[in-house]
Amino acid sequence: MAKVQVRESGVPLFSEEEVSEVSGVKVVDEYVEVTCGCTSHRYGDAVGRLRVFANGYLEISCECTPGCTEDKLTPSAFEKHSGRETARKWKNNIWVIINGEKVPLYKTVLLKYYNQVSKAANGSQHGRACHRDEFVRCSRCNKERRFRLRTKEECRIHHDAIADANWKCSDLTYDKITCDDEEERASRRVYRGCPRSPTCKGCTSCVCFGCDICRFSDCSCQTCTDFTSNAKA
């Protein structure tokens, strides 16, 4: 097997024992890559290449067909692209092959860094601000819908929503909201998940101005581009 990828600190991302039985392990300068897939009852297996980064970021290059050009997909985007019937359960639905068997991603060591970063994002650990709930207005019914921003996955969904001028309620598939559903009451909207005060209107504990959780290296918007450039400087 190829030598396990090592971070700048000299500590390997994974030990050889942790990934020796994982199929398709490939070592690249900034990440470890393995074969992965997602199974749809209708379309069968969609195979891809999962890249695991030390900063917790996960991305998948799809190889479902010889002509597929989908690259740098988030796990949830790959799950959707595969045609999987039960969405928003990518940790269970995306698998890797270990000792010849398909094993759900959540049962492997490959989510070690993702889980560490997600845990840090859930509160003010190590002085990092958490991300409070945000709202996006539907372009059709003009109602505001709540977005939880506790994980990198949730932040990406919100990030893409606010960038879409035509975003609508039905796009929020994991909550199954339609334009016919009532808007959240104003008395409820004031509670946005600040760890310091339940009805906080915005403070240093719950408003983030950019971190690895809410900024994305594969996004070309100015905000993400500036953050990525500054992080490399």
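Buried means under 20% relative accessible area, so E33, at 7% relative accessibility, counts as buried. The views below are close-ups of a predicted model.

**View 1. E33 in strand 2.** E33 belongs to strand 2, which covers residues 31-40. The side chains of E33 and R51 are joined by a polar contact of 3.1 Å. Leaving out residues up to four places away in sequence, E33 touches G24, V25, K26, R49, L50 and R51. The C-alpha atoms of E33 and E59 lie 9.5 Å apart in space, with a separation of 26 residues in sequence.

**View 2. R51 in strand 3.** Strand 3, residues 44-53, contains R51. R51 counts as buried because its relative accessibility is 10%, and the cut-off for buried is under 20%. The R51 side chain makes a polar contact of 3.2 Å with the side chain of D71, and one of 3.1 Å with the side chain of E33. Neighbours within four places in sequence set aside, the residues in contact with R51 are Y31, V32, E33, Y57, L58, E59, S61, D71 and K72.

**View 3. The largest cavity and its lining.** The structure holds one cavity of 30 Å³ or more. By residue class, the lining of the largest cavity has five nonpolar, one polar and three charged residues. Helix 5, residues 152-162, gives the most to this lining, with three residues.

**View 4. The cysteines C194 and C206.** C194 has a relative accessible area of 9% and is therefore buried. C206 is in no disulfide, and the nearest cysteine sulfur, that of C194, is 3.8 Å away. Across the whole structure, a search finds zero disulfides.

How values were computed:
Residues are numbered from 1 along each chain as its sequence is written. This is a predicted model: local features need pLDDT of at least 70, side-chain atom pairs count only at pLDDT 80 or more; totals for chains, interfaces and linings use all residues. Side-chain values use heavy atoms; hydrogens and water are left out. Helices (H or I, at least four residues) and strands (E, at least two) are DSSP runs, numbered from the N terminus. Buried means under 20% relative accessible area, exposed over 50%, partly exposed in between (1.4 Å probe, protein chains only). A polar contact is a pair of N or O atoms within 3.5 Å; within protein, one must be able to donate a hydrogen and the other to accept it, and residues adjacent in sequence count only if both atoms are side-chain atoms. Contact means heavy atoms within 4.5 Å. On a 1 Å grid over the protein atoms alone, a cavity is a set of points where a 1.4 Å probe fits but cannot get out, and a pocket is an open set with protein on both sides within 12 Å along at least five of seven lines; lining residues have an atom within 4 Å of a point. Grid points are joined across faces, edges and corners, and a volume is the space filled by probe spheres set on the points. Ala, Val, Leu, Ile, Met, Phe, Trp, Tyr, Cys and Pro count as nonpolar, Asp, Glu, Lys and Arg as charged, and the others, Gly among them, as polar. A disulfide is a pair of cysteine sulfur atoms within 2.5 Å.
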